[in-house]
Amino acid sequence: MAHVYKSRDKSLNRLVAVKVLKEDYKDDKEFVRRFNVEAQAAASLSNPHIVSIYDVGCENGMHCIVMEYIEGETLKEYIDRVGVLPWREAANYSIEICEGIEEAHNNSVIHRDIKPQNIIMASDGVLKVTDFGIARASTQATMTMANNNTIGTAHYLSPEQARGGYTDERTDIYSMGVVMYEMLTGRVPFDADTPVSVALKHMQEEPIAAIVANPNIPIAVNDIIM
């Protein structure tokens with residue numbers, strides 16, 4: 001829904017990332033609202049494991065968010081590059097991600113789209129959660145499906161998101177379990193040809209235990225994931 005540019009903040013002489021809402025969406029009130037929700041949700045958070053928001057605004061009809069620029073790669077790219085992670089490494093990464101999620105939850109913000117693509121690994125190895133594009137304040141009742149369009153990514157959806165129900169902090173915890181599963185097995189717990197089929201599996205099926213796919217996982221880590 002946006003283009004992201006690498007830019008330089010002239011006043012502070014630092015690199016920043018500028019997310020600009022695509023032209024196609026600037027007159028779409030729902031997209032503009034979601035874009036602004038991302039900015040407001042993330043700007044209220046301060047944690048070393050959350051991408052910092054520096055500024056937000058609209059100029060000449062362009063809605064933009066100025067945020068911390070991070071040199072690195074996404075957790076998804078890292079998993080694709082190195083394959084199954086050692087369990088201690090995955091556990092350490094999980095703790096970092098959860099610290100960022102906890103900060104959000106403590107401020108009544110639910111991310112609602114936790115997935116490896118939305119976790120950036122900086123060049124120093126620190127993980128940061130980004131893209132609060134579909135986050136909502138947890139005090140609001142939130143519906144996640146409208147006109148059969150699923151918000152978020154099907155492989156990481158919680159069952160309540162898949163069926164269009166009320167979401168709360170547990171939604172992010174479920175998705176975090178899927179991220180841990182993928183780090184330690186190299187695959188997601190459910191896959192199918194269409195997003196709808198994947199969503200149905202989240203609602204109706206039990207995944208194969210992570211320890212079956214990777215016997216090197218301690219049973220305690222497997223139990224946390226499952």
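Reply: Happy to! Let us start with a cut-off: a residue is called exposed when its relative accessible area is over 50%, and buried when that area is under 20%. Keep in mind that this is a predicted model.

Me: Why is Ser123 called exposed?

Reply: Ser123 has a relative accessibility of 65%. Exposed means over 50%, so Ser123 counts as exposed.

Me: Where is Ser123 placed?

Reply: Ser123 sits in the loop between β7 (119-122) and β8 (127-129).

Me: Which residues does Ser123 touch, leaving out those up to four places away in sequence?

Reply: Those are Glu71 and Gly72. Contact means heavy atoms within 4.5 Å, so that is what "touches" stands for here. As for Leu75, 48 residues from Ser123 along the chain, the two C-alpha atoms are 12 Å apart.

Me: What makes β3 and β4 (residues 62-68) a pair?

Reply: Two strands pair if there are at least two bridges between them. Here 6 bridges join β3 to β4, and the two strands run antiparallel. Cys58, for example, has His63 in β4 as its bridge partner.

Me: What is the order of the strands in the open sheet?

Reply: The order is β1-β2-β4-β3, 4 strands with antiparallel pairing. β1 (2-9) and β3 (53-59) are the edge strands, since each pairs on one side only. From one strand to the next, the twist averages 25°.

Me: Which helix lies across these strands?

Reply: Helix α1 (residues 29-43) lies across β1, β2 (14-21), β3 and β4, and runs at about 25° to β4.

Conventions:
Residues are numbered from 1 along each chain as its sequence is written. This is a predicted model: local features need pLDDT of at least 70, side-chain atom pairs count only at pLDDT 80 or more; totals for chains, interfaces and linings use all residues. Side-chain values use heavy atoms; hydrogens and water are left out. Buried means under 20% relative accessible area, exposed over 50%, partly exposed in between (1.4 Å probe, protein chains only). Axes are lines fitted to C-alpha atoms, for helices over the stretch in contact, and angles run from 0 to 180 degrees between N-to-C directions.
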